[in-house]
Amino acid sequence: MKASLIAAAIAAVALPSGVAMAQGTTAGAVAPTVGAKVYGPQGDEVGTVEAVQDGVVVVNTGTAKGGIPIASFAMRAKGLTIGYTKAQLETALGAAAADSGAKLDAALVADASVKSADDVVLGTVSKREGDDVTLALSEGGMVQLKKQSFGLDATGGLKIGMTAAALKSAMTAAAPATPATPATPAAPATAAAEATGPSAE
């Protein structure tokens, strides 16, 4: 089965030390929710939370978007706060995206192992053509994913931003429907009569 899918791979950016953690309260009290506003150290609005997954908070500034470790946030009187202004965060996200993009390009090679977001080994990279990456699945079959579906885990291994079950479900949904087998037409009445022979007088 071959399907074309686009998944959002969430990768945490590496923030410079000393400015990532907002000053105020401890990060343990932070519980970001989707749609929550994110503020900078002076109380200026930085962006909005788009997703929260596996200890990573995806923040959209309107110009840049990226995953930031939850430990980089604190809760202050105004709300969810990070130790970056909007301009600083956009610069950091841009630099991190460029760095991770180069590392991802280096990792997306034939026979490289690929895991799901829930650490299930899905298979290996079969080939890459531009932004299209074909994955040879361990269970058999192939699936084509976009480059942006991939990210790197803490060890530098390839990962996609969805669980194994979610990928299987997406592939099933993307597969073309099998055409229904046409019903066998009923035999004409004369043929049926001939097949049973003449009626007894």
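Predicted model: local features only at pLDDT ≥ 70, side-chain atom pairs only at ≥ 80, totals over all residues.
Hi everyone. Strands β3 and β4 make a hairpin with two residues between them.

β4 covers residues 56-60, and five bridges tie it to β3 in an antiparallel arrangement.

Now to another neighbour of β3. How many bridges join β2 to β3? There are three, and these strands also run antiparallel, with β2 spanning residues 37-39 and β3 spanning residues 45-53. Here you can pick out Lys-37, which has Thr-48 in β3 as its bridge partner. β2 and β3 form a hairpin as well, with five residues between the strands. In this hairpin it is Gly-43 that has the positive phi, near 90 degrees.

So far we have been walking through part of a sheet. In which order do its strands lie? Reading across, we get β5-β4-β3-β2-β7-β6, six strands in an open sheet with mixed pairing. At the edges sit β5, residues 65-69, and β6, residues 73-75, each of them pairing on one side only. Leaving direction aside, neighbouring strands in this sheet are turned against each other by 40 degrees on average.

Let's visit the β6 side too. β6 pairs with β7, residues 80-82, in the antiparallel sense, and three bridges hold that pairing. Within it, Ala-74 is found opposite Thr-81 of β7.

And what packs on this sheet? That is helix α1, residues 86-107, which touches β3, β4 and β5. Compare directions, and α1 makes about 95 degrees with β5.

Finally, let's step back to the whole chain. In total there are three helices and 13 strands. The chain has 201 residues, and 33% of them count as buried. Take the contacts between residues at least 6 apart in sequence: 54% of those join residues at least 24 apart. As for the surface, the accessible area of the chain is about 11,300 Å², and carbon and sulfur atoms account for 58% of that.

Definitions and conventions:
Residues numbered from 1 in each chain as written. Heavy atoms only, no water. Pairing = 2+ DSSP bridges. Helix = DSSP H or I, 4+ residues; strand = E, 2+ residues; numbered from the N terminus. Axes fitted to C-alpha atoms, helices over the stretch in contact; angles between N-to-C directions. Contact = heavy atoms within 4.5 Å. Buried < 20%, exposed > 50% of the residue type's maximum accessible area, 1.4 Å probe, protein only. Areas by Shrake-Rupley, 256 points an atom, 1.4 Å probe, with all protein chains shown as cover.
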